[in-house]
Amino acid sequence: MVPATGVIALLVNPNSAVREVETKELNEAARTLGLETRILNAASESEIDAAFAMLAKERSVPLVVSSDNLFTDRPVRLVVLAARHAIPAIYPYRWFAAAGGLMSYGPDLADVYRVVGTYAGRILKGAKPADLPIQQAVKVELVINLKTAKALGIDVPATLLARADEVIE
């Protein structure tokens, strides 16, 4: 969807429990696509600002934002920074795209909460938590914000739009 720069960046909190897994997964995906990765560490508000400013100097490098709470608790701030620096970014949850982010791809949280509710019900009926199988999100959703794509000068391919669960115009 974005110009081929040969580089993709990941914004992560170096103190996060998900940092290692997300970094490994991005590196593997990038290697498969023949891309170089840039890992941007940020553990505070000022470091988030600095990471965006640094990435902006590289011109059109796409950004993947980690699912760490440091970032997911600040959707408007991250979306504003991406817009200010003209950085095409993908976020982990739909509320980022709704706030003006380019796109999001992540678990359907309503589906996740249904599973949590089912598990809570089973536990309340006497099931031992240790006996319940571990589950992960099965349903993921892609949300694309066409208004933001237009502002960034990005043409979203029709095939990607067709796969989107929601398109914000």
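The model discussed here is predicted. Asp-49 forms a salt bridge with Arg-77, and the closest N and O atoms of the pair are 2.8 Å apart. This pair links distant parts of the chain, since Asp-49 belongs to helix H2 and Arg-77 to helix H4, 28 residues apart. Arg-77 also counts as partly exposed, at 32% relative accessibility.

Both residues take part in a network of salt bridges that links Glu-45, Asp-49, Arg-74 and Arg-77.

## Other salt bridges

The structure holds ten salt bridges. One of them joins Glu-166 to Arg-94, with 2.4 Å between the closest N and O atoms. Glu-166 lies in strand E7 (residues 166-168) and Arg-94 in helix H5 (residues 94-98), so this pair ties together parts that are 72 residues apart in sequence. Glu-166 is partly exposed at 30% relative accessibility, and Arg-94 is partly exposed at 33%.

A further salt bridge connects Arg-114 with Asp-111, where the closest N and O atoms are 3.8 Å apart. These two residues are separated by about one helical turn, because they are three residues apart in helix H6 (residues 109-124). In an α-helix there are 3.6 residues a turn, so residues three or four places apart point the same way. Arg-114 counts as partly exposed, with 48% relative accessibility.

## The buried face of helix H2

Helix H2 (residues 45-56) comprises twelve residues and reaches 17 Å from its first C-alpha to its last, close to the expected 16 Å. Ile-48, Ala-51, Phe-52 and Leu-55 are buried in this helix. Seen down the axis of H2, its buried residues fall within an arc of 95°, so they line one face of the helix.

These buried residues pack against strands E1 (7-12), E2 (36-41) and E3 (63-65), and against helices H3 (69-72) and H4 (75-84).

## Strands E1 and E2 with helix H1

E1 and E2 run parallel and are joined by six bridges. Ile-8 has Thr-37 in E2 as its bridge partner. Together with H1, these strands make a right-handed β-α-β unit.

Leu-33 is located in helix H1 (residues 19-33) and counts as exposed, at 63% relative accessibility. Leu-33 and Gly-6 are 27 residues apart in sequence, and their C-alpha atoms are 9.0 Å apart in space.

## A buried asparagine

Asn-145 lies in strand E6 (residues 140-145) and is buried, with a relative accessible area of 4%. Beyond its neighbours within four places in sequence, Asn-145 is in contact with Ala-97, Gly-100, Gly-101, Leu-102 and Ile-168.

Technical notes: Residues are numbered from 1 along each chain as its sequence is written. This is a predicted model: local features need pLDDT of at least 70, side-chain atom pairs count only at pLDDT 80 or more; totals for chains, interfaces and linings use all residues. Side-chain values use heavy atoms; hydrogens and water are left out. Helices (H or I, at least four residues) and strands (E, at least two) are DSSP runs, numbered from the N terminus. Buried means under 20% relative accessible area, exposed over 50%, partly exposed in between (1.4 Å probe, protein chains only). Contact means heavy atoms within 4.5 Å. The expected span of a helix is 1.5 Å times one less than its number of residues. The arc is that of the directions from the helix axis to the C-beta atoms. Two strands pair if DSSP finds at least two bridges between them. A crossover is right-handed if, with the strands pointing away from the viewer, the path from the first strand over the helix to the second runs clockwise. A salt bridge is a side-chain nitrogen of Lys or Arg within 4 Å of a carboxyl oxygen of Asp or Glu.
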